[in-house]
Amino acid sequence: MSDVLIADDHPLFRDALERAVRAAIPRAQVHSADNVPSLLELIERYSEAELLLLDLHMPGARGYSALAHIRGQYPGLPTIVVSGHEEAQVARRAIAHGASAYIPKSTSGEDIITAIGCVLDGDVWLPHRLMGGGEAVLKPAEADVAARIASLTPQQFRVLTMIAEGLLNKQIAYDLGVSEATVKAHMTAIMRKLGVNNRTQVALAAGHLAVDNTAMPPIPEESDS
C-alpha cells in the first residue's frame, strides 16, 4: 500500500482529489488534512508517503510558505500544488519552489489523474495553457526567505504562520497548548533563523512568499524578549 496525503480545506475539491488519486494509484491509502498543522502531523506520521497534494491557500499557510517549508524538511516527498489561481506566473513560482506539478482547481479529473501519473514517473506537469514563458527564477529575496523558512522546525513554522496572521503570543500559546515562555523561545529561534529582529520583520519576511502581499494583516506590537 502507498500512502498519499491530501491537504485542502474545501471538502468537495478534497473529495475530487481523492477520487483522482484512487484512479491513478488503486493501491493508495489516502490521508487528508484541512489545515497546515494537521498536515504537518500527517507528514510526521506517514514519513514514507508517496505523494502530497497541497492547496496553495489553506489555514496555516501564506502563499508558498507551506510549500517551501515542506520541501525543505521533506525533500523526498513529491508535492503537487493545487490552487484556484489560473496565472502562469503563479504556477511557475510553485515549480521554482520545488513543486512537481501545478493543478488549477478548474482542471478536469482526467488531467489530474495524468498529472499524478507524470509526477510519480519523476516528471514535472503543468496544464498546456500555463506552459511557456520560460523557466521561473525566484527573486533573490524570495529564494533566501524560502531557504530560511525551510530550516524551521514544524513547531517553529506553526508559530511563524500565526505571527503572519497577526496573533499575539498569548493567542498562539493558547492555540498550541503551550506556555507564553515557550512561544517566546520559538520567536527567538525564528528571528535568528530568518535574520530579523522583531515580529513585524518576521511577518514581512514571510510576506515575500505570498502570492499577493498587498493585503497583509496588521502585526500587533509586542515584546519578544
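Helices (H or I, at least four residues) and strands (E, at least two) are DSSP runs, numbered from the N terminus. This is a predicted model, where local features need pLDDT of at least 70, side-chain atom pairs count only at pLDDT 80 or more, and totals for chains, interfaces and linings use all residues. Residues are numbered from 1 along each chain as its sequence is written, and side-chain values use heavy atoms, with hydrogens and water left out.

**View 1. How confident is the predictor?**
The mean pLDDT (the predictor's confidence in each residue, from 0 to 100) is 89 for the protein. A pLDDT of 70 or more is reached by 91% of the residues. Watch residues 214–219, though: pLDDT stays under 50 there.

**View 2. Helix H7 is mostly covered.**
After H7 comes Gly166, with a positive phi near 90 degrees.

**View 3. Thr79 sits in strand S4.**
The strand covers residues 79–83, and Thr79 is buried, at a relative accessible area of 1%. A polar atom of the Thr79 side chain lies 3.1 Å from the backbone oxygen of Leu77. Leaving out residues up to four places away in sequence, Thr79 touches Leu52, Leu54, Leu67, Ile70, Arg71, Ala99, Ser100 and Ala101 (contact means heavy atoms within 4.5 Å).

**View 4. The largest cavity has a volume of about 40 Å³.**
On a 1 Å grid over the protein atoms alone, a cavity is a set of points where a 1.4 Å probe fits but cannot get out, a pocket is an open set with protein on both sides within 12 Å along at least five of seven lines, and lining residues have an atom within 4 Å of a point. Lining this cavity are Arg62, Ser65, Phe157, Leu160, Thr161, Ala164 and Ala206. H7 turns up again here, giving the most to the lining with four residues.

**View 5. The largest pocket has a volume of about 200 Å³.**
Of its 12 lining residues, Arg93, Lys139, Glu142, His208 and Ala210 are the closest to the centre. Helix H4 (88–96) and H6 each supply at least two residues of the lining.

Definitions and conventions:
Buried means under 20% relative accessible area, exposed over 50%, partly exposed in between (1.4 Å probe, protein chains only). A polar contact is a pair of N or O atoms within 3.5 Å; within protein, one must be able to donate a hydrogen and the other to accept it, and residues adjacent in sequence count only if both atoms are side-chain atoms. Grid points are joined across faces, edges and corners, and a volume is the space filled by probe spheres set on the points.
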